[in-house]
Every structure is written in C-alpha cells, then in structure tokens.
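I open this notebook to keep track of what I look up, entry by entry, and I try to write down no more than I can find.

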Amino acid sequence: MRLRSMGVVLAAMAALLALPVPRPAAAAELPLSQGRTATSSSTENAGTPAAYAVDGDTGTRWSSAATDTQWLQVDLGATASISKVVLNWEAAYGKDYKIQASADGSTWTDLTSVTGGDGGTDSLDVSGQGRYVRMYGIHRATQWGYSLWEFQVFGTSGSGTSSCDTANAAQGRPASASSTENAGTPASAAFDGDTGTRWSSQASDPQWVQVDLGSVKSLCKVDLTWEAAYAKEFQLQASTDGQSWTTLKSVTGASGGTASYDVTGSGRYVRINGTVRATGYGYSLWEVAVHTGTGGGTPPVQGGGDLGPNVIVVDPNTANLQQKFDDVFAKQESSQFGTGRYQFLLKPGTYNGINAQIGFYTSISGLGLNPDDTQINGDITVDAGWFNGNATQNFWRSAENLAVTPSNGTDRWAVAQAAPFRRIHVKGGLNLAPNGYGWASGGYIADSKIDGTVGPYSQQQWYTRDSSVGGWTNGVWNMTFTGVRGAPATNFDSGPYTTLDTTPVSREKPFLYLDGSTYKVFVPAKRTNARGVSWPANAGTSVPLDQFYVVKPGATAATINQALAQGLNLLFTPGVYHLDQTIDITRADTVVLGLGLATLVPDNGIDAMHVADVDGVRLAGFLIDAGSVNSDTLLRIGQRGASADHSADPTTMQDVFVRIGGAGPGLATNSVVVNSDDVVIDHTWLWRADHGSGVGWDTNRADYGLRVNGDDVLATGLFVEHFNKYDVLWSGERGRTIFFQNEKAYDAPNAAAITHDGIVGYAAYKVADSVTQHEAWGLGSYCNYTADPSIVQAHGFQVPVTAGVKLHDVLVISLGGKGQYAHVVNNTGAPTSGTDTVPSKLTSFP
C-alpha cells in the first residue's frame, strides 16, 4: 500500500476522533460541452469522429474532409448562456471561421468571427444563448481539413426561465454502495445532511455510491464534500431504473474538498462512480447533495403510450376488416418510393376469410407470444400484378408471428429483397413465385414452419434459416439452408442447393406482443447450433412497453437521444424520420425496433446511427435512407479499434435495410461499418439504387456497402448490391457468411472507372489481404453492366490464398450478356459465357 503524506494521515485520524469541518477546495471549471453529443459536416476517417473533440481527451481529435466549408457542432442538451469557447487546434487549423449558436440546430447566430487565425489554442470570450454551438470553418490554413483536439464551450446551463432548486433532493433518501470500509461508514451517511458522518469504500477501483430520489427528476447540480480519501477521476451518473446508467459529467484531475458540478439530465437514481482514487485508501464522502430543476427545464421523456396513427390494431371482431387491408394495399401496391408506412397488428384469435395483400412499406404481425396464437384462415399475399407479373421489385414489406391456413392450400409470397417472412406457421404450402411464374429475386425465411412444400420456381436465390419445411421443389441459382428440417441435400455441383445442418449462432428478432392487455417486446435468447423453430418453447426476456420511447412522426433526434440517455429503448412507429443529429446508442442491451419499415433519413451529412462497443444491442426492422448530403457512414456498430469480447451477448442487426438513392439523390461513403467483435448480421439488404429518382454513377454515389473490421462477425442472409467500389470489404478475423447475393453496379460508365490496382472491377466480396481465417457458404454475384456491356470484370470474389480462408459453393453470372466475369474467385474459375445466364461455379476455394 502506498503511504499517505503526514498531512493526510493527520486529517484521516481527525476524521475518526472528532467531527471536523471538511477542507474547501475549488473544482476546475468543466465545459458544458464535455461528453455531449457532437456532429460534423464530415470526418477525415473513422478514427477522427466529431465525438473526439468533446471527450475531454487531448490525445484524440476530430478532423474533417479536406475542403473549406466544414463545421463541428455540439448539443449542450439544453439552452445555455454561453460566455467562452476554447478551441485546441491540431496542426490542421482554421484560418477563418465563425463561432455560432442555435436554439434548434437549424437557424444560426454568429457569436464571433475569427480571421487570420494562427492555430494553437484560441480562447474566445463570447456572449449569447443557445443549445447548439458550432465552429463553422470558412478557410483552412493548410491543405488538410480542420482538426480540433478539443472544442470546449463554457457558460451557465439553463435559460432565464429555469432555476436550480437549492434544496437537497437526496437528503434522507435510500442509498447503496458497491462496498463500505466498515459498518461505521455506510452509504446512507453520505446523504444524511450531517457533515460529521461519511461513507467510505474499500480500497480498490472502481467503487460507487448511489441514491434513490423516489421518482424521475430533472437534475441540474450535484455537490460533493470529500473526506481526505477522495476521487481523482469519477463520473456523475443518472438512471431511471438503477440498472442502466447515463454519464452526466466526467471529472478528471479533481482535487477533493467541496465541489459543485452543473449537470443536465434526468433520473430517479444518481450515482457517483469513482474510477481512479487519489490515495491508497478507498473513496470517502462526507456529503452528497443533488439539486433538481424547477420550471423551464427539459422534462424526462416518457416511455410507453399509444402506437400512433399508422399502426392498425385489429381483432377477429373488427368491423370491415377486409376493407382495412384493401384500403392500405390500394395506397401501397405500387408506391415503391412513397412516404406511406403501415403496420397491421393482429390480436390473438382466429380470423376467417381474410386475404391480406401486402404492398410496399407494409408489415403484418400477430400479437401472440407464439405464431399459433393468431390464426388466419385465408391468405397473406404478395403478388406482382402491379409490375406485369415481374416480382423482382417487390421490396420493403414483412410478415411475422402468425399462422395461416391458405384458402386453396398454398399461400403466395412472391417477393424480392428486404421482405422477411419470420415466425410464420403455414398450414399448407408456400409459393414464392408470382402468378404466371414471372421473374423473381428474393428472399428470406426464418424461424418458420411450412407444413407443405415450398415452391420457389422462378426465384433466383433464397435463404432459409432455423425452420422446417414439408418439402422444397426446384430453384434457379442459389438456394441456401441452415438449420432447416426437411431441407434438400446439398447439390451445388449440379443444382442450386447449399445446406448446412445447423446455424452456428442465431437469435431471433425482437417482436411486439400482448400480455393480457399490456404491450411488451419479447427479446429472444441466443441459440447455438440451432435447428428448427424456436417456438413454442420461447427462451428470452419480456420488456414492458413503458421501457420504450414510442417514437412517432414528428419526433426529433434530440428527443430520441434524450430517451436513450434516460435508459429507454426505442420503438419506431411507421413513418419517415429526418435526423439532424446522429442517434447514439451507448447502453448495453438497448433494443431499437421498427414497425412498418420506419425510415431514418440523416440530413446535412450526419451519420444516421452509432452503436457503442457494448454487449447485446438489438437493431431490427427499420430502413435507413441516405440524405442528399454525403454521410460518411449510415450505420456504425462499435468505434474504430473496438476489441471487447461480446460472444456471450452479441449485438444483432436484423431486417435493417439501407438505401442510397431511388427515393431521391442519396450519398454515403459507407452504408454499414461493423467495428465491434461478435456481431450477428441476420438479414440485411444494402442497396445503392439502380432505378428510381436520383440515380447516376455520381448522383447516388456510395463506395462501400458493408465493411467489417471486427473479429468473429457472422452474417446470415447478406444481400448487398450496386456499390461504386467493394460491395463487401471484410477485414476482421474469423468472419463467416452464410448466403450472399449481389449485383454489381449497372451504371459503371466504362472499365476504366472501376479499374484499380491493375484489376478491372471491384470484387463483390473482398476479404482483406491481412486476414488469415474466414469462411463463407452459398455466395452469388451477378453483373449487368447496362452502361457499358463490354466490361469484363476480373472476378466476383477476391480473397487471400491461405488455408484458413475458405469459400464454399460460389457462383458468378452474366445477366443476358451485359458484361462478363473472367473468373469466379481471384484467377480461378471459368469465365461466364455469353448471354445464356448460366452460372460459372466453384464448389470450394481454394
């Protein structure tokens, strides 16, 4: 044990022998911006995000793209009176720039302008109010972008219409701690209003003490009175449930004594979480006082509530039920790029004589805990009459968690990408082709039981996971099965089938259900080496709806992030949500669930969503639609360099789809970047549009579909199409993919535009040269170079040649002779042949 100085020893002895007055000490002023949500017009790379400019760490930085007009902004969480802004520039600094403030993040007021800046540290006295503060760069001083080690905003939080109560809301409230030094220093002593009693912990890091305020309150200030054994580094944290914590303030370099900290947030529980002790002893607090806001403060976001205008909840006795289905279908049948979004929720019971035709952005789900709780004697139908019998554009719809007894013995589900069929019991057969057996390009089934035969017929590809089928007849190019009872045997050398007996890791998608009259979300447990359906013996947990912020059209990103900061999950109801700040998910096991293909659109070049490197986040059932200003990454899971082990509780991404263009011009350098380890990607379609509005080689440019940097990532049901460079670039070790469907970008103007490193064409699926272990099954890439049919792409797949990297059942196809492949993998495999659309295959590589 390290010895205390004599002065500290005497102070400690006095604390034991008398009731001393604690020594005062001044706390270093902390910026209002530290640890708050930051966004920027661009980032140089994934290692220099906006958040690094407000993290209090002068060893991390934000840097922008190398163009003049760039900005960095921070959301202070509430309106503040701003008195000073400090900019700690890296070598790439701003020569001319403005500091601006805004109440809403849209309309900006200049606080000060700087011309002829010389870098280093700029400390600027300003006067103004705003919730958002930004550095707006006009001219760079170097050829690089703008780069800030730290961007600090100082002032007073809260507007003149709000105040911080002088009363101590924590006094006499129940308290607990991670440990106590002895029976004479309990947690309650830090909240008893007596400066002669104290809490002290065991002599180890970390330790915490917390108090229950009795209800969720707006928090504005925390006062700490330390004994001689104080914290050098700690966080002030809040929670709505005492389980999931949000950091209100991170303190480093503290000097003990008495200190007050302004905070912004809400919670029922407040915790002082010590991470680094200043002495060889534990942590010791004479008193903790918590002050709450009165008037004008931001109230906490409430969980639960109704499901909004576009969720249609019905039961077997609902009047004119068939008409409700028909009315929505009439709106959505051909509305491929429209803004309508709908979710049908069917309460448990038996529905007779129903034909629910499912159009674009329409979902149908049962509200039972098991599929057989909701019985339809009738049909759930997807057909392609709107497109002259061609089902290749039947995207963005879903069916889940119900049973159907088809009226003629066979249900029709003729879909293409992004149309999942989950937890369905078909008491009959299933036809995956449109009426007339026109073209079809799907699709995905999981956790479903089809008593009869599945007929894919004209379907070019399909993936089925953890299900059972009464039989499976024919198929075109790539039919892949894992964990499917009744699946056909592998015959890829002569036919379309790839079959694995089990799925190595799976976890079913969360779903909404009724427990009596109470809505809950069931979160299924992880399965290992699964085979067959997960029900009726469901394993998992139920989360009440009041633990979700029910997001409805008109909700702001600031409110969404506030809800997350409070510890709420997210349930997006059907709608289109424009985001002016990135949705930040930082809490382990957060559930983000969309209904009716809820759509997130990032504006002004921000990223749509970031997930921290934490356990067990569930992302499910929503669409991200790129905005007209380029985003660096639409969805990022884990920060760059993430390395924590999540194998016991992986983050899952299920039925999460990305679109760049089609509904209008969209731009994004990366669609999805996975930095965390052990992530499970279960059914995604990442699509750079080849038709619709705002489509062109540069108009809806998007270089990469999926980039995987994390280790031990598994993809089951991976659809990625039309990106300007690599559709998939996999750099993590021990990655696995089961089923991959791809088309290369139709609109490549010529071979020169896609030639790199002496290679014509970017591989659809590239495993980085540094990778030593990777394995994949059931992979297909198709070319349809309509802009220049003379293009001959070198290969569909590019991997390092090493024993640990293995591909099984791989094919490439030229669609009607519009371009060709010279090889399948690297320089191996026969070229595609003319216009006959016969695949060139390899059953294994190497």
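Are Asp-447 and Arg-423 buried or exposed? I looked them up in this model, which is a predicted one, and found that Asp-447 and Arg-423 are both buried.

**Entry: a buried pair**

I then checked how these two residues meet, and Asp-447 forms a salt bridge with Arg-423, with 3.4 Å between the closest N and O atoms. Asp-447 sits in the loop between strand E25 (444–446) and strand E26 (449–455), while Arg-423 belongs to strand E23 (residues 421–426), so the pair ties together parts that are 24 residues apart in sequence. I remind myself of the general idea that side chains of opposite charge can pair when their charged atoms come close.

**Entry: other salt bridges**

I searched the whole structure for such contacts, and the search gave 35 salt bridges. One of them joins Lys-520 to Asp-515, where the closest N and O atoms are 2.7 Å apart. I looked up the accessibility of Asp-515 as well, and its relative value of 38% makes it partly exposed, because that class lies between the limits of under 20% for buried and over 50% for exposed.

Next I turned to Lys-744 and Asp-727, whose side chains meet in a salt bridge at 2.7 Å from N to O. Lys-744 lies in the loop between strand E49 (735–743) and strand E50 (755–756), and Asp-727 in the loop between strand E47 (714–721) and strand E48 (728–730), so this pair ties together parts that are 17 residues apart in sequence. I noted that Lys-744 and Asp-727 are buried. I also found one network, joined by salt bridges that share partners, and its members include Glu-400, Arg-422, Arg-465, Asp-466 and Glu-508.

**Entry: an open sheet**

Which order do the strands of the open sheet of nine strands have? I read the order as E38-E40-E42-E44-E46-E48-E52-E54-E56, and the pairing is parallel. Strand E38 (583–585) and strand E56 (820–825) stand at the edges with a single partner strand each, so one side of each is left without a neighbour in the sheet. On average, and with direction ignored, neighbouring strands of this sheet are turned by 25 degrees against each other.

**Entry: antiparallel partners of E14**

I looked next at strand E14 (residues 258–277), which runs antiparallel to strand E11 (residues 207–226) and is joined to it by 14 bridges. Leu-219 stands opposite Gly-265 in E14. Strand E12 (residues 231–239) also pairs with E14 in the antiparallel sense, over eight bridges, and there the bridge partner of Gln-235 is Asn-273 in E14.

**Entry: a helix and what follows**

In helix H3 (residues 557–565) I listed the buried residues, among them Ala-557, Ile-560, Asn-561 and Leu-564. Just after H3, I found that Gly-567 takes a positive phi of about 100 degrees.

How much space lies in the second largest pocket? I wrote down about 540 Å³. This pocket is lined by 25 residues, and the closest to its centre are Thr-392, Gln-460, Glu-743, Tyr-746 and Leu-815. I sorted its lining by type and counted 10 nonpolar, 12 polar and three charged residues.

Terms used:
Residues are numbered from 1 along each chain as its sequence is written. This is a predicted model: local features need pLDDT of at least 70, side-chain atom pairs count only at pLDDT 80 or more; totals for chains, interfaces and linings use all residues. Side-chain values use heavy atoms; hydrogens and water are left out. On a 1 Å grid over the protein atoms alone, a cavity is a set of points where a 1.4 Å probe fits but cannot get out, and a pocket is an open set with protein on both sides within 12 Å along at least five of seven lines; lining residues have an atom within 4 Å of a point. Grid points are joined across faces, edges and corners, and a volume is the space filled by probe spheres set on the points. Ala, Val, Leu, Ile, Met, Phe, Trp, Tyr, Cys and Pro count as nonpolar, Asp, Glu, Lys and Arg as charged, and the others, Gly among them, as polar. A salt bridge is a side-chain nitrogen of Lys or Arg within 4 Å of a carboxyl oxygen of Asp or Glu. Helices (H or I, at least four residues) and strands (E, at least two) are DSSP runs, numbered from the N terminus. Buried means under 20% relative accessible area, exposed over 50%, partly exposed in between (1.4 Å probe, protein chains only). Two strands pair if DSSP finds at least two bridges between them. Axes are lines fitted to C-alpha atoms, for helices over the stretch in contact, and angles run from 0 to 180 degrees between N-to-C directions.
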